[in-house]
Amino acid sequence: MRTTKSLAVACLAAALALICASAAYADEKLPVPWTLAAALPAQAANPGGPPPGANDFGCRPGEAHPNPVVLTHGLGANQTVNWQTFGPLLKNDGYCVFSLTYGIPGKPLPIYQPGGLLPMEQSAKELSAFVDKVLGATGASKVDILGHSEGTLMPSYYVKFLGGASKVDKYVSLTPLWDGTTLFGASHLYALASALGLAPGFNGILDPVCGSCRQFLRGSEFLTNLHSGNGVFQPGVTYTNIMTRYDEAVVPYTSGMGKGPNVKNIVLQDSCLLDLAEHAGVAADRNAAGHVLNALDPAHAKPVPCVPATPIGS
């Protein structure tokens, strides 16, 4: 009898220890790197894999953060290199976080998987299927979107044309370009080529390599379609645009400004002159992160302190 009791006590103690260990593990915070350099070892270790904290399809949103957050990367990036900062940051803050690499033509390359290369209409269909998968797995009714560069523009096609407006609550954009870019005068050169009847030849060369590239140009057919009807910003969705004056890819950076009662625009340097983050660096920027957390949970918004930042991170 004593042996049986001792065994029962030992089993109970072991069970309690396991529960305590599990609870302690659940409370552990993931490291959050504040530099783009974190992308290199992450890509080498797990090429194309989700960032830390992302794609746990067993995650169930709590009352504090009922919407899963879907991360959408920029042109030529993938879920690995784009979200080493925001994946663990949002997970640590109690969000269910999900990411995908979209827009890869053909088979993914073994060493690096550049995404966002397909026409954005096609990538939006990939996003639509992924959001449905996230909603089905988590039981949530809506997601929030956090996008960077192309990842700000492509989802807007999903929201406007593919039924996403009923499935997206908050739409947060890092370095958006709602009016396209005039980088290196490319939009003007393309307009000239079109006027001279040279656009089909140009498209035939560029589109097989990057079907989305000319869609970014100011005045493109894609952007014209996006701005048609009731415009880019859809009723029922709350938009936050986060920009940097040092954006070398979105030219001018004010292309990321939006108008409407459901749109908020933030320029990092308006509140932090010491933030030198450029286009890619905003994805590893502490000041941008503060604004993102406030946009996702405005009821508990906190002051965003000014943290000096280099072009590639804080």
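Guide: Residues are numbered from 1 along each chain as its sequence is written, and side-chain values use heavy atoms, with hydrogens and water left out.

Visitor: What makes up the protein in terms of helices and strands?

Guide: The protein has 11 helices and 6 strands, where helices (H or I, at least four residues) and strands (E, at least two) are DSSP runs, numbered from the N terminus.

Visitor: Where is confidence lowest, and where is it highest?

Guide: Confidence is expressed as pLDDT, the predictor's own value for each residue, from 0 to 100. The mean for the protein is 87, and 83% of its residues reach 70 or more. The lowest mean, 36, belongs to helix 1 (residues 2-27), and the highest, 99, to strand 1 (residues 69-72). Where pLDDT is low, the predicted coordinates should not be read in detail.

Visitor: Why is alanine 140 called buried?

Guide: The word buried means under 20% relative accessible area, exposed means over 50%, and partly exposed lies in between (1.4 Å probe, protein chains only). Alanine 140 has a relative accessible area of 13%, so it is buried. Alanine 140 is found in the loop between helix 5 and strand 3, and leaving aside neighbours within four places in sequence, it is in contact with Pro61, Pro66, Pro68 and Leu135. One of these, proline 61, is 79 residues away from alanine 140 in sequence, yet the two are 7.4 Å apart in space, C-alpha to C-alpha.

Visitor: How do you know whether alanine 38 is buried or exposed?

Guide: Alanine 38 has 16% relative accessibility, and because that is under 20%, alanine 38 counts as buried. Alanine 38 lies in the loop between helix 1 and helix 2, and leaving aside neighbours within four places in sequence, it is in contact with Pro33 and Gln84.

Visitor: Why is asparagine 55 called partly exposed?

Guide: Asparagine 55 has a relative accessible area of 21%, which falls between 20% and 50%, and therefore it is partly exposed. Asparagine 55 lies in the loop between helix 2 (39-45) and strand 1, and its phi is near 65°, a positive value in a residue other than glycine.

Visitor: What makes threonine 175 a buried residue?

Guide: Its relative accessible area is 1%, which is under 20%, so threonine 175 is buried. Threonine 175 has a positive phi of about 50° although it is not a glycine, and it is found in the loop between strand 4 and helix 7 (186-195).

Visitor: Which residues have the most contacts inside the largest nonpolar core, and what makes it a core?

Guide: A nonpolar core is a set of buried Ala, Val, Leu, Ile, Met, Phe, Trp, Tyr and Cys residues joined through side-chain atoms within 4.5 Å. The largest one has 35 residues, and those with the most contacts inside it are Leu127, Val143, Leu153 and Val168. Among the elements that give two or more residues to this core are helix 5 (120-138), helix 6 (150-161) and strand 4 (168-174), and helix 5 gives the most, with 7 residues.

Visitor: Why are helix 5 and helix 6 called roughly perpendicular?

Guide: Axes are lines fitted to C-alpha atoms, for helices over the stretch in contact, and angles run from 0 to 180 degrees between N-to-C directions. Angles under 35 degrees count as roughly parallel, over 145 as roughly antiparallel, 65 to 115 as roughly perpendicular and the rest as oblique. Helix 5 and helix 6 pack at about 75°, with their axes 8 Å apart, and because that angle lies within 65 to 115 degrees, the two helices are roughly perpendicular to each other. The contact includes Leu127 and Val131 of helix 5 and Leu153 and Tyr158 of helix 6.

Terms used: This is a predicted model: local features need pLDDT of at least 70, side-chain atom pairs count only at pLDDT 80 or more; totals for chains, interfaces and linings use all residues. Contact means heavy atoms within 4.5 Å.
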